[in-house]
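Here is a short report on one protein chain. Keep the structure open beside you as you read.

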Amino acid sequence: GLAAKPLLGNLIAGVQIAITQPIRIEDAVIVNNEFGWIEEFTSTYVVLRLLDWRRMIVPLSYFLENPFQNWTRSSASLIGSVFFHLDYATPVTVLRAKLEEIAKASDKWDGRVVNLQVTDTTERTIEIRALVSAPNSSAVSDLRSEVREKMLTFLQEDYPQALPRLRANI
């Protein structure tokens, strides 16, 4: 009885997952801080294809007993965020316009969400969050990197005073 418990638990979990469908083939999920895609189901385990193409084997019962993130449960579209810590001299409205320009020029942007806000302040910097949407998890990852790189280049070339710096009054 004790030896059969894990096997029976996974079989019952398989039936529950088949009925409720919290995960499906090619869903993008995060399990134990690992991002991957559901690649295969068996009667007792699920195979995840991780970002670096490793395979993670997870018992079916895990998905019923533990929290996990399913990024594509109802739709593959995602919103990606990019954070910048910048000087108080940063022209936020100019950055907002530049973000829109970058998003509109990108083939990865799905045309739904583009937004830039000041989300926090500290004694030295402001925190700015850029939001952009993409049709799937790999596109949003690439779009986030594109936004980060192009915004940094823009700041370095046109507004170097917006980059963080230390001030001292003597």
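## Overview

How many helices and strands does the chain have? There are four helices and eight strands. Bear in mind that this is a predicted model. From the N terminus on, the elements follow the order α-β-β-β-β-α-β-β-α-β-β-α.

The chain has 170 residues, and 38% of them count as buried.

Strands of a sheet pair through backbone hydrogen bonds, either parallel or antiparallel. Which kind of pairing is found in the open sheet with the order 6-8-7? Its three strands pair in the antiparallel way. Strand 6 (78-86) and strand 7 (114-121) are the edge strands, and each of them pairs on one side only. From one strand to the next, the twist averages 25 degrees.

Look at strand 7 and strand 8 (residues 126-134). Seven bridges join these antiparallel strands. Thr 121 stands opposite Ile 126 in strand 8. Helix 3 (residues 92-105) packs on the sheet and touches strand 6, strand 7 and strand 8. The direction of helix 3 makes about 145 degrees with that of strand 7. Helix 4 (residues 137-158) also packs on the sheet, with contacts to strand 6, strand 7 and strand 8. The direction of helix 4 makes about 25 degrees with that of strand 6.

## Two nonpolar cores

In soluble globular proteins, nonpolar side chains tend to be buried together. Here the largest nonpolar core has 24 residues. Leu 95, Leu 116, Ile 128, Val 147 and Met 151 have the most contacts inside this core. Strand 6, helix 3, strand 8 and helix 4 each supply at least two of its residues. Which element gives the most? Helix 4 does, with seven residues.

Val 147 shows how the parts meet. Leaving out residues up to four places away in sequence, Val 147 touches Val 82, Phe 84, Leu 99, Ile 102, Ala 130 and Val 132. Another core lies apart from the largest one. This other core has twelve residues, among them Ile 23, Val 31, Leu 50 and Leu 60.

## Helix 4 up close

Helix 4 has 22 residues. From its first C-alpha to its last, the helix reaches 31 Å, close to the 32 Å expected at 1.5 Å a residue. Its buried residues are Ser 137, Ala 139, Val 140, Leu 143, Glu 146, Val 147, Met 151, Phe 154 and Leu 155. What do they pack against? Their partners are strand 1 (28-31), strand 2 (34-41), strand 6, helix 3, strand 7 and strand 8.

Pro 164 lies in the segment after helix 4. Pro 164 counts as partly exposed, because its relative accessibility is 46%. Setting aside neighbours within four places in sequence, Pro 164 is in contact with His 85, Leu 86, Asp 87 and Thr 125.

## Aromatic pairs

A pair of aromatic rings is described by the distance of the centres and the angle of the planes. This structure holds four aromatic pairs. One of them joins Phe 63 and Phe 68, with ring centres 4.9 Å apart. Why is this pair edge-to-face? Its planes stand at 85 degrees, and planes over 60 degrees apart count as edge-to-face. Phe 63 is buried at 5% relative accessibility, whereas Phe 68 is partly exposed at 22%. Tyr 62, Phe 63 and Phe 68 form one aromatic cluster.

Phe 154 and Tyr 159 make a tilted pair. Their centres lie 5.6 Å apart, with 55 degrees between the planes. Phe 154 is buried, with a relative accessible area of 11%. Tyr 159 is partly exposed at 23%.

## Two loop residues with positive phi

Most residues other than glycine have a negative phi, and most peptide bonds are trans. Asn 32 has a positive phi of about 50 degrees although it is not a glycine. Where does Asn 32 sit? Its place is the loop between strand 1 and strand 2. At 53% relative accessibility, Asn 32 counts as exposed.

Trp 53 is not a glycine, yet has a positive phi of about 75 degrees. Trp 53 is found in the loop between strand 3 (45-50) and strand 4 (55-59). Is Trp 53 buried or exposed? Trp 53 is exposed, because its relative accessible area is 68% and the cut-off for exposed is over 50%.

Methods. Residues are numbered from 1 along each chain as its sequence is written. This is a predicted model: local features need pLDDT of at least 70, side-chain atom pairs count only at pLDDT 80 or more; totals for chains, interfaces and linings use all residues. Side-chain values use heavy atoms; hydrogens and water are left out. Two strands pair if DSSP finds at least two bridges between them. Axes are lines fitted to C-alpha atoms, for helices over the stretch in contact, and angles run from 0 to 180 degrees between N-to-C directions. Contact means heavy atoms within 4.5 Å. A nonpolar core is a set of buried Ala, Val, Leu, Ile, Met, Phe, Trp, Tyr and Cys residues joined through side-chain atoms within 4.5 Å. Buried means under 20% relative accessible area, exposed over 50%, partly exposed in between (1.4 Å probe, protein chains only). The expected span of a helix is 1.5 Å times one less than its number of residues. Rings of Phe, Tyr and Trp (its six-membered ring) pair if their centres lie within 6.5 Å; planes under 30 degrees apart count as stacked, over 60 as edge-to-face and the rest as tilted.
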